[in-house]
Amino acid sequence: MKILVVDDDEIAQGVLESILKQNGHEVLLADNGQEAVEVIKNNQVSITILDWNMPVMNGIELTRFIRASADINYIYVIMVTSRNAKEDLLEGLSAGVNDFITKPIEPTELFLRIKNAGQILESETTSLALFSLAKLAESKDTDTGNHLERIRLYSKVLGEEICRLQSGACLKPNMPEMLYQTSPLHDIGKVGIPDLVLLKPAELSDQECQLMKSHAEIGARTLDEVLQKFPNAEYLRIARDIAWCHHERWDGSGYPRGLKGEDIPIEAQIVSIADVYDAITMKRVYKNAIPHDIARGIISEGSGTQFNPDLVEAFLNVEERFAEIRKTFDDAD
């Protein structure tokens, strides 16, 4: 990562540069906020470590400039300061500072904060990449509107509720956030479906239905190829399982593999309910929108056949939040 150190104190600047270079980072230097602006404009800076008190443009002013500039990529801002009053911290946070380090700087603390910043930036980049990929697939179908936004929110809400109800070993604490990032890729396989089938406004023939169903296998194969190159990327495994299994049914009558019960990955089970709810409640060229109350009844009736009964219970606990999301991201708006 490129890290920009902004400080008018040469000694402090040198200390920070030495620590960061020892940990393998590329370091850029600036004596004040104005110099920092020029460095940022000409370099892809990931993190900036800056002092509060500087001439020409201080740390707060520089942070506000960074946050207000639409043509600057997202930069993680760490403020180095001896100020610890509540009002100072609030001023820094309001300006857009992400983290604070108090003087004198302790190398281990700086290393850990940089590591944390890198993880946050990686998560943001991953989320953007996944959603951009999903939007690319969705762009083939002009009738989906805010579908991806709704799906990721439905999935996260349902994931949070089932984690609250069941804290078993199969449920990881980060599952709701993983669902938020990966659920938009559930239909990524539709990029491989011909437009004359995908966009057909009339009822599909049996042959066309089988072709449409193949999107689950296409999506799984596509994501699995990437997963083979990055086997430790958990989000890719989850995205693959969701794309592959979100049309499976609890009783084994789904597709593409006829998986049954707990053999269906829990993330795919969750996205299945989110996807069905959205399909029911949103208007399409071939159907009118159906009210929330009817959608709730359909999902309830599917308990034990189409859906995991525990997930249906969780859905009923948060159904009002589903209705709110639907209203907020209604395609008609």
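Hi everyone, and thanks for coming. Before we start, the ground rules: this is a predicted model, where local features need pLDDT of at least 70, side-chain atom pairs count only at pLDDT 80 or more, and totals for chains, interfaces and linings use all residues. Residues are numbered from 1 along each chain as its sequence is written, and side-chain values use heavy atoms, with hydrogens and water left out.

Let's begin with the sheet. When I say helix or strand, I mean DSSP runs numbered from the N terminus: H or I with at least four residues for helices, E with at least two for strands. Two strands count as paired if DSSP finds at least two bridges between them.

S1 covers residues 2–6, and four of its five residues are buried; buried means under 20% relative accessible area, with exposed over 50% and partly exposed in between, using a 1.4 Å probe and protein chains only. S1 is joined to S2 (residues 26–30) by five bridges, running parallel, and Val6 sits opposite Ala30 of S2. To get from S1 to S2 the chain goes through helix H1 (residues 10–22), in a right-handed β-α-β crossover. Right-handed here means that, with the strands pointing away from the viewer, the path from the first strand over the helix to the second runs clockwise.

On to S3: S1 and S3 pair in the parallel sense over four bridges. Val5 has Ile49 in S3 as its bridge partner, and Ile3 stands opposite Ile47 of S3.

Next comes S4, residues 76–81. S4 pairs with S3 (residues 47–51) in the parallel sense over five bridges, with Leu50 opposite Met79. Towards S5 (residues 99–102), four bridges join the two strands, again parallel, and Val80 faces Ile101. The chain crosses from S4 to S5 through helix H4 (residues 86–95), and this β-α-β crossover is right-handed.

Let's move to helix pairs. Two packed helices are described by the angle between their axes and the distance between the axes. The axes of H12 (residues 266–281) and H15 (residues 319–328) come within 12 Å and cross at roughly 55°. H12 and H15 are therefore oblique; under 35 degrees would be roughly parallel, over 145 roughly antiparallel, 65 to 115 roughly perpendicular, and the rest is oblique. The crossing is right-handed, which is to say that the near helix is turned clockwise from the far one by less than a right angle, with anticlockwise being left-handed. Ala274, Tyr277 and Thr281 of H12 meet Phe322, Ala323 and Arg326 of H15, where contact means heavy atoms within 4.5 Å.

H12 also meets H14 (residues 309–317): their axes come within 11 Å and cross at roughly 50°. That crossing is right-handed as well. Its contacts include Ile270, Ile273 and Tyr277 from H12 and Leu311 and Phe315 from H14.

Last stop, Glu208, which lies in helix H9 (residues 206–213). Is Glu208 buried or exposed? Buried, with a relative accessible area of 17%. Leaving aside neighbours within four places in sequence, Glu208 is in contact with Val197, Lys200 and Glu203.

That's my tour, so over to you for discussion.

Definitions and conventions: Axes are lines fitted to C-alpha atoms, for helices over the stretch in contact, and angles run from 0 to 180 degrees between N-to-C directions.
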